[in-house]
Number of protein chains: 2
Amino acid sequence: MNGLIMDYPLTTNTILNYAKSAFPDKKLISHLPNGTRHEYTYGALERRCCQLANALKNKLGITKGDMIGTFAWNHYQHVELYYGIPGIGAICHTINIRLSSQQTEFIINHSEDKVIFVDATLVPLLEKIAPKLETVEKYIIINAHDGFTTSLLNTIHYEKLIEDQLDTIQWPKLNENDACGMCYTSGTTGMPKGVLYSHRSTYLHAMTILSPNAGNYSNDDIILLIVPQFHVMAWGFPYMCLLTGSDMVMPSLHLQPEAIIRILELEKVNKANGVPSIWMGVYEELKKNPPKKKLALEEYLVGGSALTASLVENFEKDFGIKGVQAWGMTETSPLGTASRLQKKHKDLTLKEQLKIRAKQGIEFPGIEMRVVGDNGQIAPRDGRTMGELQVKGAWVIKSYFKTNNRDNFTDDGWFRTGDVSTIDADGYMEITDRTKDLIKSGGEWISSVALESALMAHPNIKEAAVIAVPDKKWAERPLATIVLTDINKPISKEELKKYLSKDFANYQIPDYYVTISQVPKTSVGKFDKKEIRKLYAEGKLKQ
Amino acid sequence: MNGLIMDYPLTTNTILNYAKSAFPDKKLISHLPNGTRHEYTYGALERRCCQLANALKNKLGITKGDMIGTFAWNHYQHVELYYGIPGIGAICHTINIRLSSQQTEFIINHSEDKVIFVDATLVPLLEKIAPKLETVEKYIIINAHDGFTTSLLNTIHYEKLIEDQLDTIQWPKLNENDACGMCYTSGTTGMPKGVLYSHRSTYLHAMTILSPNAGNYSNDDIILLIVPQFHVMAWGFPYMCLLTGSDMVMPSLHLQPEAIIRILELEKVNKANGVPSIWMGVYEELKKNPPKKKLALEEYLVGGSALTASLVENFEKDFGIKGVQAWGMTETSPLGTASRLQKKHKDLTLKEQLKIRAKQGIEFPGIEMRVVGDNGQIAPRDGRTMGELQVKGAWVIKSYFKTNNRDNFTDDGWFRTGDVSTIDADGYMEITDRTKDLIKSGGEWISSVALESALMAHPNIKEAAVIAVPDKKWAERPLATIVLTDINKPISKEELKKYLSKDFANYQIPDYYVTISQVPKTSVGKFDKKEIRKLYAEGKLKQ
């Protein structure tokens with residue numbers, strides 16, 4: 001028997017209309033690429049989204065299912081694109097501006113973008129590849145300064161595009177399973193793969209991450225979105241903020257530590273998101289130049305890679321600002337878990353608490369996870385047994401865009417994350433490695449992540465990346481590359497081995513240590529181990 | 001174009017499985033009818049739900065779409081029914097134990113309950129009507145004491161039913177739009193009407209009410225569910241607590257103020273729900289017998305009727321416990337709005353803040369609301385213009401069970417609440433009356449709720465209910481019935497008129513005041529104005 005409840009599709013339009021009705025005076029603040037500050041309300045945002053949607057239909061001939069690219073920083077126009085494009089049934093494809101020209105070209109041709117909205121400061125990146133883009137008919141330039149010129153053909157300025165359009169619209173009826181957004185993985189192996197989100201998955205993800213066990217956001221918050229809108233929809237925050245009535249602050253290209261601190265101070269931001277390297281930079285800058293007045297910032301949500309326990313501890317001790325570890329992937333919309341302490345942890349020592357908080361945490365409702373061992377068996381939740389992390393849920397992909405390749409999916413329908421992890425008896429998941437980064441030495445697994453964490457807790461080590469190198473006797477052995485905080489204070493191999501022996505078994509401790517000036521990073525700021533392995537293969541990593 | 005996201009139906013089974021995985025050690029604590037305390041974990045709950053589901057299928061032959069009645073207090077067995085019944089596709093029909101025999105008989109026959117799960121203490125209520133129940137094949141007795149006997153035919157004890165069943169199950173694949181629960185309205189006019197919830201509406205409602213702008217619940221909370229499970233699924237809390245990992249405390253029939261306070265103390269409860277009359281009673285008892293140690297209780301969520309500003313103020317001032325006003329109806333699952341202050345309200349005076357907090361508040365995402373005036377126009381959001389409150393959303397009904405009557409629905413698909421309200425510029429909705437309780441005097445509307453609130457703020461008035469009485473000149477005039485706090489301190493008509501003249505225009509002030517010993521109440525504790533009008537018509541309300 002059916003329930004007798006109204007048919008109410010979960011779409012981005014329902015989110016936009018909700019904010020218009022419940023939080024018309026809440027603010028979207030943008031620090032634009034040219035350094036000016038822009039502010040308007042969610043009421044104004046809604047009206048401009050209508051104008052944009054009307055322009056897409058009337059001037060650009062966009063219809064349902066069309067793919068529209070964005071190549072832009074975080075700012076109000078990009079938020080308008082997040083709603084205006086899917087609002088009429090088209091797909092908002094956010095393109096990562098940090099990929100190589102070759103990858104960018106591949107992505108745009110593969111997704112068949114019809115129009116690209118591009119920030120004026122980023123136009124040079126597209127000019128280089130424009131002749132090879134097969135499907136793009138028009139470029140819409142955002143934030144163009146006076147006298148802006150470009151070699152791109154068929155351009156129009158964003159404000160020109162929307163200025164003469166009505167600021168109301170009758171949104172079309174959409175099916176909540178229609179696609180609303182697309183993002184490509186950053187592809188550390190091979191070409192990026194496309195991930196197509198639905199209205200429903202976007203709504204449910206946003207509705208879940210605001211909950212107290214997850215991000216804990218309300219209409220009392222002012223949130224700085226440091227995660228770029230071209231990275232997995234800025235973790236869904238541009239949708240979430242309209243559901244909560246949180247004020248949203250956008251930094252565009254002002255992502256250097258000093259710039260972020262200036263915005264935190266100016267806008268009285270109390271919550272923020274971002275990858276660990278951003279927060280490491282902010283912490284160091286705060287240590288160098290302590291703020292005159294305590295920051296309003298209470299908490300930052302971290303994903304992308306693991307927070308080190310030392311950063312969490314120091315940030316909290318020195319500035320009273322709390323780091324919350326979360327985990328997710330492009331394929332999981334992205335957020336799937338977060339790690340917060342519970343009442344029963346109140347009496348633990350600080351060190352024990354930090355150990356729990358450094359885990360990736362408990363899954364959100366709507367997400368299921370399991371760890372599957374080499375033997376194909378589901379691993380016990382004992383906090384020790386490692387295996388591949390597999391997930392399913394209401395915002396996890398069932399396939400990649402335009403491919404029938406099922407390598408990343410199990411026969412019983414779970415997504416294979418490629419992460420190696422454990423789950424403990426309390427349900428906290430901890431990533432111990434990427435499957436391809438695991439070190440198997442003499443038949444035993446060694447976690448490169450655990451070694452890196454421990455090394456980075458050393459007072460004179462800023463960064464550490466561990467890879468497997470071939471070994472005749474043990475098949476593989478770990479090699480640690482380290483970046484010193486102070487290059488005048490080198491650390492001997494013996495010292496490091498002794499330091500690690502507190503926490504690791506002998507066989508787990510690397511035999512090789514190489515000091516480097518910086519760890520190579522991917523376009524999303526993760527350690528690029530493929531690059532480190534290449535350096536090793538080329539004989540460039542000598543002790 | 002479709003999104004490429006997994007098909008993941010939102011069902012009560014996903015909630016149960018989530019709690020099993022994420023919060024296996026969280027607790028469900030029951031204070032049973034016989035006074036004993038029972039406690040187990042969500043892990044144990046899940047296993048017993050499997051046993052129950054197996055028993056329903058194997059022993060009672062229950063199949064998809066079957067209607068199963070519950071006639072029970074709040075306790076763990078009732079929570080098991082909330083999951084075990086819908087888990088196999090049957091419908092959990094919670095029957096209000098406080099209705100008249102005639103209404104109960106009507107409801108059970110109308111819904112065609114096949115089996116009824118009944119608390120031993122409530123069996124006498126069913127024995128009276130059992131011969132007239134046309135569809136009930138079996139009664140399952142919960143919490144029966146030794147030597148329990150009954151005239152009901154075909155009975156079996158709950159523990160007997162499930163004890164030999166497997167504690168694992170392969171739940172069937174359900175469509176999220178399948179019905180999962182049913183509740184009848186309390187029906188102040190005519191016979192109760194059936195409201196059929198879907199798995200999807202139940203999930204979305206539960207997921208929304210835990211958000212910080214609404215109830216704000218997390219795995220740090222211990223929540224006392226005072227709202228009976230036979231009232232609109234206890235406001236969705238038995239589902240919500242498993243999504244948040246909050247501990248759940250169930251009082252069964254221990255609903256007297258002293259009993260509630262004892263449970264609050266014993267279980268260190270920090271949040272709770274309930275109707276205003278419960279909280280009024282708890283407050284008075286706390287005043288009489290102040291607790292030795294400050295209660296852990298931080299906040300209580302109130303719905304059903306309006307909290308008076310004076311109760312909110314005194315509870316907070318005297319005991320540091322905060323009341324949060326919410327609003328909803330059986331037809332809206334029930335929760336649709338809540339009233340919390342925002343940052344911009346921080347600098348208001350206490351009185352101004354209380355005025356906002358006494359409103360019904362801002363709608364949750366997933367709910368839309370509008371006020372429609374006599375002229376059929378949507379009223380402006382000015383906090384003044386009154387009209388009928390209409391709602392739609394993801395957990396609002398589109399029709400009643402087994403009827404084609406469309407009186408409660410507009411042509412464009414909104415549900416007509418029958419409440420008269422305003423919405424202010426900040427989006428806060430305030431109920432000013434029920435449409436049928438509004439007083440229209442000389443062409444002007446007078447809000448009986450506003451008068452009642454003001455009267456109840458008088459130090460010597462405990463309760464006040466205002467009805468319209470016929471008047472030759474003005475068509476209608478308000479008549480106030482009042483219950484004194486101290487019967488030895490009567491208040492004169494002149495005194496009351498003067499008292500009200502601070503806040504009301506002359507034409508709004510009642511001419512008639514009648515002191516009564518108590519205000520007649522409906523089965524859900526609301527003022528029964530139908531009964532008061534009847535007393536008036538019978539000449540029993542004399543000044």
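1. Two strands count as paired here if DSSP finds at least two bridges between them. The model under review is a predicted one. Strands E12 (residues 271-274) and E13 (residues 299-302) of chain B meet that condition, pairing in the parallel sense over four bridges. Within this pair, Gly274(B) has Val302(B) in E13(B) as its bridge partner.

2. Helix H2 of chain B (residues 42-58) packs on the sheet, where H2 touches strands E1 (27-31), E2 and E11 (247-250) of chain B. The direction of H2 makes about 90 degrees with that of E2(B).

3. The sheet in chain B is open and has nine strands, in the order E2-E1-E11-E10-E12-E13-E14-E15-E16, with mixed pairing. Its edges are strand E2 (37-41) and strand E16 (362-363) of chain B, each of which pairs on one side only. In general, the strands of a sheet pair through backbone hydrogen bonds, either parallel or antiparallel.

4. Strand E4 of chain A (residues 91-94) is joined to E8(A) by three bridges, and the two run parallel. Cys92(A) is the residue that stands opposite Gly181(A) in E8(A).

5. E8(A) also pairs with strand E9 of chain A (residues 194-198), this time in the antiparallel sense and over five bridges. Here Cys183(A) has Val195(A) in E9(A) as its bridge partner.

6. Which residues touch the most other members of the largest nonpolar core? They are Phe117(A), Phe237(A), Phe117(B) and Phe237(B), in a core of 194 residues. In soluble globular proteins, nonpolar side chains tend to be buried together.

7. Phe117(B) can be checked by its contacts. With neighbours within four places in sequence left aside, Phe117(B) is in contact with residues including Leu52(B), Leu56(B), Ile68(B), Phe71(B), Leu81(B), Ile140(B), Ile142(B) and Leu161(B). Gly69(B), Thr70(B) and Tyr158(B) are also among its contacts.

8. On the relation between the chains, chain B superposes on chain A by a rotation of 180 degrees with 0.0 Å of shift along its axis, at an RMSD of 0.1 Å. The two copies are therefore related as by a two-fold rotation axis. Both copies use the same surface, since 100% of the contact residues of chain B recur in chain A.

9. Which residue of chain B comes closest to the rotation axis? That residue is Ser211(B), whose C-alpha is at 2.5 Å.

Definitions and conventions: Residues are numbered from 1 along each chain as its sequence is written. Chains are lettered from A and ligands numbered from 1 in the order in which they are written. This is a predicted model: local features need pLDDT of at least 70, side-chain atom pairs count only at pLDDT 80 or more; totals for chains, interfaces and linings use all residues. Side-chain values use heavy atoms; hydrogens and water are left out. A nonpolar core is a set of buried Ala, Val, Leu, Ile, Met, Phe, Trp, Tyr and Cys residues joined through side-chain atoms within 4.5 Å. Buried means under 20% relative accessible area, exposed over 50%, partly exposed in between (1.4 Å probe, protein chains only). Contact means heavy atoms within 4.5 Å. Copies are superposed by least squares on the C-alpha atoms of residues with pLDDT of at least 70 in both. Axes are lines fitted to C-alpha atoms, for helices over the stretch in contact, and angles run from 0 to 180 degrees between N-to-C directions.
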